[in-house]
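Me: I'd like to learn how to read the features of a model like this one. Can we go through it together, starting from a single residue?

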Amino acid sequence: LKLRSDAALNRADILLAADRVFTEHGVTAPLDLVCKEAGVGRATLYRNFPDRHALLVACLLYTSPSPRD
C-alpha cells in the first residue's frame, strides 16, 4: 500500500513525535500530546494507528537502527 506523499509525511511526523513524547513522558503519555507535537488531529493519528499498541510497535520499528551485515 503506497501512501500519498502528504499522508506519508504525516505518518513520519507522528512517529517522530511519538518517540519524543514517549521518551519524555513515558509510554502512557496522553496521545493528544503526540498529536500536538506532530501537528495533526486525532483523526489523522487514529487513521494511521488504531490504538496505542499499534503506535508503540510502529514507533519502535521506525526508530530502531537497521541491523548491519
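Reply: Leaving aside its neighbours within four places in sequence, Thr44 is in contact with Asn10 and Ile14; contact here means heavy atoms within 4.5 Å. Before going on, some ground rules: this is a predicted model, where local features need pLDDT of at least 70, side-chain atom pairs count only at pLDDT 80 or more, and totals for chains, interfaces and linings use all residues. Residues are numbered from 1 along each chain as its sequence is written, and side-chain values use heavy atoms, with hydrogens and water left out.

Me: Where does Thr44 lie, and is Thr44 buried or exposed?

Reply: Buried means under 20% relative accessible area, exposed over 50%, and partly exposed in between (1.4 Å probe, protein chains only). Thr44 has 16% relative accessibility, so Thr44 counts as buried. Thr44 lies in helix 3, residues 42-48. Helices are DSSP runs (H or I, at least four residues), as are strands (E, at least two), and both are numbered from the N terminus.

Me: What does Ile14 touch?

Reply: Not counting residues up to four places away in sequence, Ile14 touches Val34, Ala38, Val40, Thr44, Leu45, Asn48, Phe49 and Leu55. Ile14 is found in helix 1 and is buried, with a relative accessible area of 0%. As for Phe49, 35 residues from Ile14 along the chain, the C-alpha atoms of the two are separated by 9.5 Å.

Me: And how accessible is Leu16?

Reply: Leu16 also sits in helix 1, but at 39% relative accessibility Leu16 counts as partly exposed. Leu16 and Ala38 are 22 residues apart in sequence, and C-alpha to C-alpha they are 7.7 Å apart in space.

Me: How do I read the packing of helix 1 and helix 2?

Reply: Two packed helices are described by the angle between their axes and the distance between the axes. The axes are lines fitted to C-alpha atoms, for helices over the stretch in contact, and angles run from 0 to 180 degrees between N-to-C directions. Helix 1 (residues 5-25) and helix 2 (residues 31-38) pack at about 130°, with axes 8 Å apart. Angles under 35 degrees count as roughly parallel, over 145 as roughly antiparallel, 65 to 115 as roughly perpendicular and the rest as oblique. Helix 1 and helix 2 are therefore oblique to each other. The contact is made by Asp13, Ile14, Ala17, Ala18, Arg20, Val21, Phe22 and His25 of helix 1 and by Leu31, Leu33, Val34, Glu37 and Ala38 of helix 2.

Me: What about helix 1 and helix 4?

Reply: Helix 4 covers residues 52-63, and helix 1 packs with helix 4 at an angle of about 95°, their axes 9 Å apart. That makes helix 1 roughly perpendicular to helix 4. Among the residues that meet are Leu15, Ala18 and Phe22 in helix 1 and Leu55, Cys59 and Tyr62 in helix 4.

Me: How many disulfides does the structure hold?

Reply: A disulfide is a pair of cysteine sulfur atoms within 2.5 Å, and the structure holds 0 of them. Cys35 is buried at 6% relative accessible area, and Cys59 is buried at 5%.

Me: Finally, what pattern does the chain follow?

Reply: Read along the sequence, the pattern is α-α-α-α, with 4 helices and 0 strands. Of the chain's 69 residues, 30% count as buried. Among contacts between residues at least 6 apart in sequence, 52% join residues at least 24 apart.
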